[in-house]
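Here are my notes on this model. Please read them with the structure open.

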Amino acid sequence: MKQYKYLLFDLDGTITDSESGITRCVEYALNHFGIQVNDLRELSPFIGPPLMDSFKDFYNFTDEQATIAVAKYRERYAVKGILENELYPGIKELLAQVRQNGKTVILATSKPEIFARRILDYFELSSYFSFVAGSGLDGSLHTKTDVINYILEENNTTNRDSVVMIGDRKHDIIGAKNTGIDSIGVLYGFGDYEELSEAGADYIAEDIPALRRLLL
């Protein structure tokens, strides 16, 4: 196992269990179009990928419809959904430990950066992160690949062997591969072993203690 200096953490499904807030906001957006959802668990695939893509992929929305749906989603998310969220047990302690061991901890999320910062503040995690990167409300840094490239450029990180992306969905793994860095898939979030292994994760951690062993 390499000793990585830069640890890029995904947010939803890696640091926080955000299923309740995200699925309720997706339901709110779909209701605007007259679409009813019987079981919110059906909407869990929305957790992780960019929202625009998910509305188009899962409901065949046009670009115009998806743009409206994202706006409706954010309408509820900014007020309620952002706090319908909880930390995974042990993640705060892990972040503290890796910082104490001299690692540089960075947030790499497809969520708009403005919301990601509010979540870190709410859970009192901001002090553990040296850098926070997310998408823009204007659609900039749309993919995880975009986010990771932005992080590497802004932090002048030329030695990509020293960087690892940690996330629970294939988009995290694909983003890492596209940018030439290693990746760790975690199984306590919303992806499963098949998804992460097929995407090409370099390592897979079953739980937070297993992730700690890989990082320390």
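1. Pro89 sits in the loop between strand E3 (86–87) and helix H4 (91–100). Helices (H or I, at least four residues) and strands (E, at least two) are DSSP runs, numbered from the N terminus. Pro89 counts as exposed because its relative accessibility is 72%. The cut-offs are these: buried is under 20% relative accessible area, exposed is over 50%, and partly exposed is in between (1.4 Å probe, protein chains only). Pro89 and Ile35 are 54 residues apart in sequence, and their C-alpha atoms are 35 Å apart in space.

2. A word on the model. It is predicted: local features need pLDDT of at least 70, side-chain atom pairs count only at pLDDT 80 or more, and totals for chains, interfaces and linings use all residues. Residues are numbered from 1 along each chain as its sequence is written, and side-chain values use heavy atoms, with hydrogens and water left out.

3. How is the protein chain divided? Domain 1 covers 4–15 + 84–213, and domain 2 covers 17–81. These bounds come from an automatic or database domain assignment. The C-alpha centres of the two domains lie 22 Å apart. Domain 1 gives 19 residues to the contact and domain 2 gives 21 residues. Contact here means heavy atoms within 4.5 Å.

4. The size of an interface is often given as the accessible area lost when the parts come together. Between domain 1 and domain 2, about 1,700 Å² is buried, and carbon and sulfur atoms give 50% of it. Buried area is the accessible area (1.4 Å probe) that two parts lose on being put together, summed over both. On the domain 1 side, Glu84, His142 and Phe190 lose the most area to domain 2. Together they account for 40% of what that side buries.

5. Now the polar side of this interface. There are 12 residue pairs in polar contact between domain 1 and domain 2 (both at pLDDT 80 or more). A polar contact is a pair of N or O atoms within 3.5 Å; within protein, one must be able to donate a hydrogen and the other to accept it, and residues adjacent in sequence count only if both atoms are side-chain atoms. Strand E4 (104–112) and helix H5 (113–122) are the elements that give two or more residues to the side of domain 1 that touches domain 2. That side divides into 7 nonpolar, 6 polar and 6 charged residues. In this grouping, Ala, Val, Leu, Ile, Met, Phe, Trp, Tyr, Cys and Pro count as nonpolar, Asp, Glu, Lys and Arg as charged, and the others, Gly among them, as polar.

6. Two salt bridges are counted between domain 1 and domain 2. A salt bridge is a side-chain nitrogen of Lys or Arg within 4 Å of a carboxyl oxygen of Asp or Glu. Look at Glu84, in the loop between helix H3 (63–77) and E3. Glu84 pairs with Arg24 at 3.2 Å between the closest N and O atoms. Glu84 also pairs with Arg76, at 2.9 Å. Glu84 is buried because its relative accessible area is 17%. Arg76 is buried too, at 16% relative accessibility. Leaving aside neighbours within four places in sequence, Glu84 is in contact with Ser18, Ser20, Gly21, Arg24 and Arg76.

7. How many salt bridges does a search of the whole structure find? The total is 13. One of them joins the side chains of Asp12 and Lys111 (3.0 Å, N to O). This pair links distant parts of the chain, 99 residues apart: Asp12 in the loop between strand E1 (6–9) and strand E2 (16–17), and Lys111 in strand E4. Both Asp12 and Lys111 are buried. Asp63 and Lys56 form another salt bridge (2.8 Å, N to O). Asp63 is partly exposed, at 48% relative accessible area. Lys56 is partly exposed as well, at 27%.

8. A polar atom of the Lys144 side chain lies 3.3 Å from the backbone oxygen of Ala108. Beyond four places in sequence, Lys144 touches Asp10, Ala108, Thr109, Ser110, Met165, His171, Asp172 and Gly175.

9. Last, His171, placed in helix H7 (residues 170–179). His171 is partly exposed, at 25% relative accessibility. Not counting residues up to four places away in sequence, His171 touches Pro49 and Lys144.
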